[in-house]
Amino acid sequence: MGKFVIEKSKNDKFKFNLKAGNNQIIATSQMYDSLAGCKNGIESVRKNSIAANMEDQTVEGFATAKNPKWEVYKDAKGEFRFRLKASNGEIIVTGEGYKAKDGLMNGIESIKKNAPDAEIVDKSAE
């Protein structure tokens with residue numbers, strides 16, 4: 001069972017990581033100004049992760065997908081990455097770099113599987 005872990009930075013910003021059952025981070029949020037905004041981001045991942053369209057920017061001549069969407073792309077190091085965008089186009093979460101596209105696709109599937117029922121662990125007050 002996955003979990004969302006909320007943390008507070010030294011500059012009083014909030015972020016969350018979605019962790020799989022093995023405690024591995026599978027997605028990281030942007031920074032939020034408030035705890036409430038961070039929790040809204042979690043709800044957005046729950047809502048959008050399953051219904052999101054797929055835009056594979058690693059394929060030549062790819063079609064632009066409508067938001068919400070998963071964007072799959074290659075970074076400057078040549079690694080595969082993803083980001084989940086909400087219906088308003090804002091990035092909700094991003095993933096780590098993957099050497100293989102299959103690994104990245106497994107990461108997206110893990111988010112779809114874990115996010116809807118993941119518990120929220122708030123470590124921001126610690």
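Strands were taken as DSSP runs of E with at least two residues, and helices as runs of H or I with at least four residues, both numbered from the N terminus. Two strands were considered paired if DSSP finds at least two bridges between them. The model is predicted, so that local features need pLDDT of at least 70 and side-chain atom pairs count only at pLDDT 80 or more, whereas totals for chains, interfaces and linings use all residues. Residues are numbered from 1 along each chain as its sequence is written, and side-chain values use heavy atoms, with hydrogens and water left out.

Eight strands form an open sheet of mixed pairing, in the order 4-5-6-7-3-2-1-8. From one strand to the next, the twist averages 25°, with axes being lines fitted to C-alpha atoms (for helices over the stretch in contact) and angles running from 0 to 180 degrees between N-to-C directions.

Strand 1 (residues 3-8) is joined to strand 2 (residues 14-19) by six bridges in the antiparallel sense. Within this pairing, phenylalanine 4 has leucine 18 of strand 2 as its bridge partner. The hairpin formed by strand 1 and strand 2 has five residues between the strands, and in this hairpin aspartate 12 adopts a positive phi near 60°.

Strand 1 also runs parallel to strand 8 (residues 119-122), to which four bridges join it. Here valine 5 lies opposite valine 121 in strand 8.

Strand 4 pairs with strand 5 (residues 69-74) in the parallel sense, over four bridges. Tryptophan 70 in strand 5 stands opposite methionine 54.
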